[in-house]
Amino acid sequence: MRSKLVIPLKLKLFLPVMIIVITVVVITTLWFVNRSIHSFNDRIISTLELEVQTLKQMFERERILKLEKVQTNLKVARIQFFSKPLVVTDRTMTVEVENQRSNMRHEAVLPVWKHGGKELFGSVEFVDFMEGIVGGSVTVFQRIDSGFVRVSTNIRKSDGQRAVATYIPNNSPVAETVLEGRSYFGRAVVVDKWYTTGYDPILIDNEVSGLLYVGDMEKDMSELKRILNNLTIGKSGYPFVFDKYGTLLIHPSREGEQWGDSLFLSNVLNTTDGTLTFLQDGHSKTAAYSYFEPFELYVAASVFNDIENRELVKNAVSGALMVAVIAIIFLLIFIYRFTTERLYNYLNALERSEAKLATTEEALQQSEKLAHMGQISAGIAHELNNPLGVITMYSGIILDELPADSPVRDDIRMIVEQADRCKNIVGGLLNFARKNKVNAREVDIVKFLSQTLSGVVIPENIRTAIHTDIKDTIVMLDIEQMTQVFTNLEKNAVEAMPEGGELNIQIIGTDREVEVIIADTGTGISEENMGKLFTPFFTTKKVGEGTGLGLPLVYGIVKMHKGRINVISNTDPSKGATGTRFCITLPRII
Ligand code: ADP
Ligand code: MG
């Protein structure tokens, strides 16, 4: 029964725990992976935002560089311009001038200037020379009533003509600053292009009479394009630039096209900064963008999320899986060792104690049976004892008085013998009846046992010995009853060794108990008879030799003394020496 129970029970106990542990760990792992993917996406967004800020700084740097370049160029232009004499002649000229903002035209009178001995108005010598040295645009202005008019320039109007005779009106910031005698740097629309500009007053007799101007095209897109097109972000990302109409100005593959549809764009173009996630060719993409005001364009960067995350997710998942597997193994081992195993042992112990209970119940039934037996046999024995006494007495007398040659002598002897046998049986039954009370006294167990042994007839071919190293030899017991116990056991041992052998008595003691082992080297008791030993009238001996009342009596008396009997026997010579050991364990105090 036990071997059938082992595996299924352990498994039954362990399986639910296993399922719970695995479920919990798997859920935790999935949650962790999910969290990681989210944080990867957050990371992507912050990386893109950082990238966009870096690009903006690059643009800002470009702007500052342009400004510095213009400042330097203006100095060079100034030195170059004044290296030749500037003469204001007495002559004047009338020119039709054009307001560069309003495009209104009117006539203006201005003095004729000579520069390096040549008339400056409309000349190209100085400006083209300067363009050759520093690049960009260069202009010389002269003061008129309504502002400053270009008299020599390399800037061209949309029709290709040089923009001579266009003027900056007095109310422009440039004019206002320069009229105070200061230089002006900034950004300006010159004709129809954005320039980084520098204006320096030309003073004649301490009066602002004209201007020197240099400018550099503000957004050098080809330069920025070259830099940006070489930039990559992560594995799949790139920067791009679009203007306030959503036209892609710099993009690795879609330059000149619109970025997204109008709804998409209107969302972006209403804001100055932001991030968005959208689908492109079925893949999720994230972009960050920011408006760079000085250049009036949006700087942006985008990546494909799945491409960026793939490796990270793979690592996170494999890492989490490994942790999960290890956690599961450890948890299972732990739970198995500390819970399942214990529970299993507990159930096993329960099973064992149930079995023990069954044996105890059996024993109880046995002693009840014996008690019944005792009561019945006591009644019968009492009734039989007197008539039996009369039979033995008178048959004895008859036998004695019969002449030696009487033909009935053998018959009478038979009566005497059989009557004796009946007396034996009745005597045994009376013993049964008498054992109900224990009259315990202190006894030296070693001495007591040697006395019982000497009361048994031992044939010469049997050697006997008593072994003991017991210190405290005193035990409480009923001498009369215990004499019957040991005498019976010793007699049985002797009877089991018809061919001779050894009868060894061993006495062992603890604080509470004394154990007496009566061991013989006899025939042993077969497995099948083991269960019947204590049943009244069970005997394997010939009629007349055994009554089968010895061991039931022994059992009853030992139980009355609150002791235990244990029998070990071997009948099979192939398993070792044959023989039987009766162990009687008695408490020192009843
Ligand atoms: P009896 O001795 O009258 O047969 P018991 O109750 O004393 O009755 O013993 C019952 C039976 O138990 C015996 O007949 C015998 O078969 C067996 N038995 C008892 N003690 C031993 C022993 N030491 N060796 C072998 N058999 C034994
Ligand atoms: Mg006997």
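1. A polar contact here is a pair of N or O atoms within 3.5 Å. The model is predicted, and the contacts below are read from it. A polar side-chain atom of Asn 492 lies 2.9 Å from an oxygen atom of ligand 1. For Thr 539 the corresponding distance to an oxygen atom of ligand 1 is 2.5 Å, and for Lys 541 it is 2.7 Å. The protein covers 94% of the 530 Å² of accessible area that ligand 1 has on its own.

2. Ligand 1 sits in the largest pocket.

3. Buried means under 20% relative accessible area.

4. Strand β4 is joined to β9 (residues 207–217) by 6 bridges, the two running antiparallel. In this pairing, Phe 141 stands opposite Leu 211 of β9. Another 6 bridges join β4 to β5 (residues 147–153), also antiparallel. There, Thr 139 stands opposite Thr 153 of β5. The two strands β4 and β5 make a hairpin, with 2 residues between them.

5. Arg 187 belongs to strand β7 (residues 184–190). Its relative accessible area is 30%, so Arg 187 is partly exposed. Leu 65 is 122 residues from Arg 187 along the chain, and their C-alpha atoms are separated by 13 Å.

How values were computed:
Residues are numbered from 1 along each chain as its sequence is written. Chains are lettered from A and ligands numbered from 1 in the order in which they are written. This is a predicted model: local features need pLDDT of at least 70, side-chain atom pairs count only at pLDDT 80 or more; totals for chains, interfaces and linings use all residues. Side-chain values use heavy atoms; hydrogens and water are left out. Two strands pair if DSSP finds at least two bridges between them. Helices (H or I, at least four residues) and strands (E, at least two) are DSSP runs, numbered from the N terminus. Buried means under 20% relative accessible area, exposed over 50%, partly exposed in between (1.4 Å probe, protein chains only). A polar contact is a pair of N or O atoms within 3.5 Å; within protein, one must be able to donate a hydrogen and the other to accept it, and residues adjacent in sequence count only if both atoms are side-chain atoms. Accessible areas come from the Shrake-Rupley method with a 1.4 Å probe; for residues, only the protein chains shown count as cover. On a 1 Å grid over the protein atoms alone, a cavity is a set of points where a 1.4 Å probe fits but cannot get out, and a pocket is an open set with protein on both sides within 12 Å along at least five of seven lines; lining residues have an atom within 4 Å of a point. A molecule sits in a cavity or pocket if more than half of its atoms lie within 2 Å of its grid points.
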